[in-house]
Amino acid sequence: MIDLLLTNAEVVTPSGVVHGDVAVDGGRIVAVGQDAGDARRVIDVDGRIVMPGVFDPHVHFGLAGTYGDDTMLEDFRHNTRDCLVGGVTTVATTTLPGADLVVEYERTAAVAVGHSWCDYRLVSIVGRRPQVAQIREVVARGGTAFKFFTGMVGNEAVALGGTPEGIPPDFFLEACDALRATGSGAFPMIHAEEPSVRGALLDRVRRSGRADHLVAWADASPAWAESAQIYGYGLVARQARVPLYPVHLSAAESIDTVAVLQSQGFDVPAETVVHYLCTTADEIQLAGLGVRAKVQPPIRFERDRQRLWRGIAEGTIKVVGTDSGTYSLSMRQGPDFWECRVGLPLQVADTLPLMYTEGVAAGHIDLLTLSQVLSANAARLHGIYPRKGAIAPGSDADIVVIDQHTPVRLGAHRYRGHTDYTLWEGREVTGVPVMTFLRGKLVMQDGEIVDEVPTGVAV
């Protein structure tokens, strides 16, 4: 007698979609297919889709409003509820920025214990040269990913715990060498945007007095700025024999650059994020979203959006995340559009339905690809596949059941944490999660958290 049996499901396995059952016992998946045995609890999912829980590899807890332990604690305690609403069972969030990598890793780890509703991993922000010597110690504590804001210099870099010089290539080479020396598979993540020309163009656009702020914001960040750093820092990473993980790619040219590097044998598992796939600068300008949609890199244009979808279908883009902060409307204030800080609110509750609607239902990708870019590939990068990211015997029973038929309107009303606005207010979607299981336990049903206490752990 096993613990749980999900029956009558369209199951997305690592090799394809099968109609049948998923059997769970002791928090692990024990069988997939037909005649899986008797169970203490049987749930007929009525032909709905059963997928591995989403792994969002790009979240920033603790960095909205004031930086600090209290903000980080509140984000874990409240905003990880929204992960479960969206079928997200694992996240990777950056630590707080600071001078000492080990201290910040341990601070964040201590804050998370007992307060997260989903499982989690931590990503260290590296911004200062002396921190390179601490990489090995962070890896020994479980760190697998290190974030470098290569696209930032001056005050932007300082605000993220770095120095005005930013991350020049020689600094990055030292860090990549240190990552390689750990022998752990730890990898660098870069925010790729060549900063000097971007700064000059931003000043030019600001002086122009344009009123179409969101389109002007996109015009101020040249599409090639990502490609310049992807290529340059990709060469450095290859020299050190480590992968290069460029995050939140937004431009068509970036995907072409990654494709060329991959064809030449470079290990570049590129990431994009949901807002670049599901809207454009023209759309958000027309919707009047203003500073609420100001993000860096900017939301771009239809040609970029279409190329990103093709990049996923071709396998050039390996991972889709959200680059979520935990911004509220009160944080999106400033003397004008240009002075307002960049960043978007939490999007974890909307990722899966948006990706299903705009990707699978629209014919851009199939269910297996959806499962790979939202779950399996991120788990592989972090060295925890197939424990995470798979509906397969032996895997953690992190499972999401989505309703592919019933339309739902997105909006802030769906969030159960502190999020009070969304870019997607009123958008009709299908593929909304109706059940989320974390290690075999039902933790979300029909948009409500049904677990009594947070049970997420570091993985």
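The lining of the second largest pocket holds five nonpolar, three polar and four charged residues. This pocket belongs to a predicted model, and its space comes to about 190 Å³. The largest pocket has a volume of about 860 Å³.

**Second largest pocket**
- Strand E17, residues 432–438, contributes three residues, the most of any element in this lining.
- Among the lining residues are Val432, Pro433 and Val434.
- The lining also includes Asp403, Arg414, Arg416 and Asp446, along with His413 and Gly447.

**Largest pocket**
- Of the 40 residues that line the largest pocket, Met152, Glu156, Leu160, Gln296 and Val342 are the closest to its centre.
- Two elements, helix H4 (154–159) and helix H6 (195–208), each give two or more residues to this lining.
- Helix H6 supplies the largest share, six residues.
- By class, the lining of the largest pocket splits into 19 nonpolar, eleven polar and ten charged residues.

**Helix H9**
- Helix H9 covers residues 252–263, twelve in number, and spans 17 Å from its first C-alpha to its last, close to the 16 Å expected at 1.5 Å a residue.
- The buried residues in H9 are Ala252, Ser254, Ile255, Thr257, Val258 and Leu261.
- The cover over these buried residues includes helix H8 (224–240) and helix H12 (302–314), as well as strands E12 (270–273) and E13 (317–321).

Notes:
Residues are numbered from 1 along each chain as its sequence is written. This is a predicted model: local features need pLDDT of at least 70, side-chain atom pairs count only at pLDDT 80 or more; totals for chains, interfaces and linings use all residues. Side-chain values use heavy atoms; hydrogens and water are left out. On a 1 Å grid over the protein atoms alone, a cavity is a set of points where a 1.4 Å probe fits but cannot get out, and a pocket is an open set with protein on both sides within 12 Å along at least five of seven lines; lining residues have an atom within 4 Å of a point. Grid points are joined across faces, edges and corners, and a volume is the space filled by probe spheres set on the points. Helices (H or I, at least four residues) and strands (E, at least two) are DSSP runs, numbered from the N terminus. Ala, Val, Leu, Ile, Met, Phe, Trp, Tyr, Cys and Pro count as nonpolar, Asp, Glu, Lys and Arg as charged, and the others, Gly among them, as polar. The expected span of a helix is 1.5 Å times one less than its number of residues. Buried means under 20% relative accessible area, exposed over 50%, partly exposed in between (1.4 Å probe, protein chains only). Contact means heavy atoms within 4.5 Å.
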